[in-house]
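Please keep the sequence and the coordinates at hand while reading.

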Amino acid sequence: MAEQKVEARFVGQSVKRLEDPRLLTGRGAFMDELRVSNMLHAAILRSPHAHARIRGVDTAEALKVPGVRAVLTGEDVRRMSRPFSMAVQIPVRYYSLAVDKARFVGEPVAVVIAKDRYVAEDAADLVQVDYEPLPPVVDIEKAMEPGAPLLHEELGSNIANHRLLRYGDVDRAFSEADRIVRGTYHFPKYSSTPLEGFAVIANFDPITGLMTIWSNFQGPFIMHPVVSMALGVPEHKLRFIVPADNGGGFGIKSSIYPYMTLIALAARKAGCPVKWIEDRKEHLLASSSGTDRVAVVEAAVKRDGTILGVRMKNMDGVGGYLRTPEPACLFRTTGNSVGAYRYQHLEIDAYAVMANKSPTGPNRGYGCQQLYFGIERLVDQIAKELNLDPAEVRFQNLIRKEEMPYLTPSGGLYDSGDYPEGLRKALEMIEYDKLRQEQRRARAEGRLFGIGLATVVDPSVTNMAYITVANEPEERARPDYNFKAGSGETAAVKIDPLGKVSVALNTTPEGQGHETIAAMIVADELGIPMDDVQVLAEMDTATRVWSITTGTYSSRFASVGTSAVATAARKVKEKILKIAAHELEATVEDLDMREGKVFVRGSPGKAIPLKRIAGIAHWNQARLPEGMEPGLHATTMFNFPTAKPPDQQDRVNSSNTYGFIAEAVAVEVDPETGEIQIKKYVTVHDCGTILNPMIVEGQVYGGVVHGLGGALYEEMAYDENGQYLAATFMDYLCPTAMESPKLEIGHVVSPSPLTVLGSKGCGESSSMTTPAVIANAVEDALAPLGISINELPLTPDKIWRWIRAARERAGRGGAG
Amino acid sequence: MKIEGAYTFEAPRERVWKVLLDPDTLQRCMPGCEKLEAIGPDQYEATLKIGVAAVKGTYMGKVAIADKEPPARYRLLVEGSGAPGWVKGEAVMELADQGDKTLVTMTADAQVGGLIAGVGQRLIGGVAKMMAGDFFKRLAEAAKFSGGAA
């Protein structure tokens, strides 16, 4: 980046969030508040079967209900739209509504459009669907077996995607090993449960052909062309509007686009605007979730704990359809597959498997919690089998500071970091040696006390090229192959005639405080008070400059979003300084901005207020330097030079900035109830330059509690018939403030050389480590009983059963 | 979901057998049964109004009786669907003498689907047991009554 020294007055401070006054006083404007005239309401009828052929849909009774305008069925959807495009070319047709078969409980089967939601729901009960139930398959490994019920007969199997990725010389690593350590780990299907569920309003203007869709979509805006193609509405006639207030997304709202498409079709059929607000049951049943995975992992290790190489077989359950961006859960982590470790030889056998469950997609930490549950559990297993301390094994293998920037064998370019320092800090904060002594005392008293560690790389800002790793290199080598690569984000800054500043974001924030951070950055860059900056976060694809990668996901804002904002502000500043230089008869190099003025360095008396410069740019355009365009504004699209396509060896820099997390946790397990109590939770983060410590702290807390859900409570459970068992918050347990551990948070700061401010993403945070670190701590606690933790969530009933079984084994062993 | 139960009827086996298979009595005793109409030998169309927790609704379906071994054993097949989802089940009923009383043993296996499974699964076992208990209590009363009248 060009050196441009800015005196930071706000960046780095815990500036209070600009969003909070309106949110805390109930003045936020969410989708449900939004009304369009002549708007009707939709209720969605959903399949009660996990797998069934739809022989017919009878809407006659529903249409007789007063107030019902129309019913949209599979036939309509087949006629009016095309299947969604996918990352891989397979004969799977995924529409916004079931057209031939229902493939999961909760799949939309019909949409009733009526004058209000009450009428629509009552009428939906009267739609008669003739189902022919088919045998379902729920389990990932069973779905892979030959002879398993087929979800998509044309495909001939339930495996939607398979890639074998090999880096380095894995066979040699395994032949040189002193020991092979193995584990099989089951990662559960869970979600984010944002406060606000999905919400869509669609309006089609038959005169102009313009389809406007308001929704709480969070990006990536690659879904704009995807929806355009599905609807057959050309992209300049398709307008997405996302309100500034969005009640949480965490990746889940990336997957709202099938519903945007469905409600657009409903609006077209009804001939007027249609609104659909998802209820909580629908959200838990059929919105989206993280991907469940079975991982068979093995490591080739030396006696001293050095890892030579790793083989993993990752089997992802993607639900009834391969919904874009899946199979991305398998590949989003390609560049950081080795985690924070130095081993050079790696094999990943990756499968995306369809089964009769709801489709999956991005969920905070996408791919990382699945990956690190396997790797971090295995590292502890290595320590156990070699009789080494798990901290020692990690130090032995962590990438070192002097190796940065570090190129991983799978193509990741770790931009900065000091991983050993992060782990040292975590161990120091938790007083590791003292804690191990305490553990020895606790064990002597018969208590189940355990310590867990995890050290992981926290990737941010995906390079969309990673998804093309789902295709074979031969396919990518074809001349007609459409490569995808890049990570760009846009921002616009303008100064109006009286000198006040507006910033337009396209980052579709969902509560992370983007408005605050953008205002802090622009105020710093231009040397003005934050009050003089207004940030507009409402996104509108018709009026904003945006791109495929635009949106909130993979912790983009703190890294690429802020870089776009700072760059736009700097462009405007450049113009301000040129006008000022012209006015003050000085050179640009001698000028700087502070307190709303441009002044000559060294002679602060020689100054011109920003207001006056804005006045010249707008009111007295003739006074501008020769050849200069009037006005004061700039729009940028910031991209990373590191976001390149994969090479023929499948190496790809799947993200752009890479942070680090080290965690140390102490737990105690109650042998009588199986309850896990978190005694201490230390979490150390390196997210580069910290822009607002208060917001980072909030993200760390949120990440830990989110991960805690997956570790201890949450599971989108299905029975063996594919029936969904967790459609309410009484069945799907989310941690609340009561369950949240008190955190001790530490930081290591390794600024990124790639971002304008040195910051990296931190939004996914501990959601990727908590499941692993809790599992490690619980296994350590249960070590005296010889219990291994290979699955989540660790509910008390499971722990209790394992303890009982272990005691019975021990009892039998003693008797025999 | 398996439901098992045993109920003592204060009536001789032959009479209990008749009561258990009498459509009018069945309709009166079956909780929430609004209609039970014969559509063939041992085949009925039924309308049931059942609520599990917050999921209340009407189920329309079929009831069939099979493998009759009077007065000892028969199978009851039920399937129904409605707005809250679907139910499918099979029960084996066995009658045994117990002095001058009759012991009826039920071994049932039921599947539920749709919304009812998603929100009611935790409660459904309990509800089903309660409903079965209720059903048999009413049947036992009916058997006593029909005994008195005979």
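The sections below cover helix packing, aromatic pairs and backbone features.

## Basis of the report

The structure is a predicted model. All values given here were computed from that model.

## Helix packing in chain A: H12 and H13

Helix H12 (residues 390-397) of chain A and helix H13 (residues 419-430) of chain A have axes that come within 10 Å and cross at roughly 160°. An angle over 145 degrees counts as roughly antiparallel, and H12(A) and H13(A) are therefore roughly antiparallel to each other. The crossing in which H12(A) passes H13(A) is left-handed.

On the side of H12(A), the residues in contact are A:Ala391, A:Arg394 and A:Phe395; they meet A:Pro420, A:Leu423, A:Arg424 and A:Leu427 in H13(A). By class, the residues of this contact between H12(A) and H13(A) comprise five nonpolar, no polar and two charged.

## Helix packing in chain A: H7 and H8

Helix H7 (residues 223-231) of chain A packs with H8(A] at an angle of about 40°, and their axes are 10 Å apart. The crossing of H7(A) and H8(A) is right-handed.

From H7(A), the contact involves A:Met223, A:Val226, A:Val227, A:Ala230 and A:Leu231, while H8(A) supplies A:Tyr257, A:Thr261, A:Ala264, A:Leu265 and A:Arg268. The contact of H7(A) with H8(A) is made up of eight nonpolar residues, one polar residue and one charged residue.

## Aromatic pairs

Over all chains, the structure holds 24 aromatic pairs. In one of them, the rings of A:Tyr94 and A:Tyr321 have centres 4.7 Å apart and planes at 35°, so the pair is tilted. A:Tyr94 lies in the loop between helix H3 (74-80) and strand S4 (101-102) of chain A, and A:Tyr321 lies in the loop between strand S14 (307-319) and helix H10 (328-331) of chain A; the pair therefore ties together parts that are 227 residues apart in sequence. Both A:Tyr94 and A:Tyr321 are buried. One aromatic cluster is formed by A:Phe84, A:Tyr94, A:Phe104, A:Tyr257 and A:Tyr321. A:Tyr257 also takes part in the contact of H7(A) with H8(A).

A:Tyr259 and A:Trp276 form a stacked aromatic pair, at 4.6 Å centre to centre with 20° between the planes. Because A:Tyr259 lies in helix H8 (residues 257-270) of chain A and A:Trp276 in strand S12 (residues 274-277) of chain A, this pair ties together parts that are 17 residues apart in sequence. A:Tyr259 is buried, as is A:Trp276.

## Cis peptide bonds

In chain A, A:Glu326 and A:Pro327 are joined by a cis peptide bond with omega of about 10°. A:Pro327 is located in the loop between S14 and H10 of chain A, the loop that also holds A:Tyr321.

In chain B, a cis peptide bond joins B:Pro70 and B:Pro71, with omega of about -10°. B:Pro71 is located in the loop between strand S4 (55-69) and strand S5 (73-82) of chain B.

## Positive phi angles

A:Asn38, a residue other than glycine, has a positive phi, near 65°. A:Asn38 is part of the loop between helix H1 (20-24) and strand S1 (40-46) of chain A. Its relative accessibility is 65%, so A:Asn38 counts as exposed.

A:Glu431 is not a glycine either, yet its phi is positive at about 55°. A:Glu431 is found in the loop between H13 and helix H14 (432-444) of chain A. With 38% relative accessibility, A:Glu431 counts as partly exposed.

Conventions: Residues are numbered from 1 along each chain as its sequence is written. Chains are lettered from A and ligands numbered from 1 in the order in which they are written. This is a predicted model: local features need pLDDT of at least 70, side-chain atom pairs count only at pLDDT 80 or more; totals for chains, interfaces and linings use all residues. Side-chain values use heavy atoms; hydrogens and water are left out. Axes are lines fitted to C-alpha atoms, for helices over the stretch in contact, and angles run from 0 to 180 degrees between N-to-C directions. Helices (H or I, at least four residues) and strands (E, at least two) are DSSP runs, numbered from the N terminus. Angles under 35 degrees count as roughly parallel, over 145 as roughly antiparallel, 65 to 115 as roughly perpendicular and the rest as oblique. A crossing is left-handed if the near helix is turned anticlockwise from the far one by less than a right angle, and right-handed if clockwise. Contact means heavy atoms within 4.5 Å. Ala, Val, Leu, Ile, Met, Phe, Trp, Tyr, Cys and Pro count as nonpolar, Asp, Glu, Lys and Arg as charged, and the others, Gly among them, as polar. Rings of Phe, Tyr and Trp (its six-membered ring) pair if their centres lie within 6.5 Å; planes under 30 degrees apart count as stacked, over 60 as edge-to-face and the rest as tilted. Buried means under 20% relative accessible area, exposed over 50%, partly exposed in between (1.4 Å probe, protein chains only).
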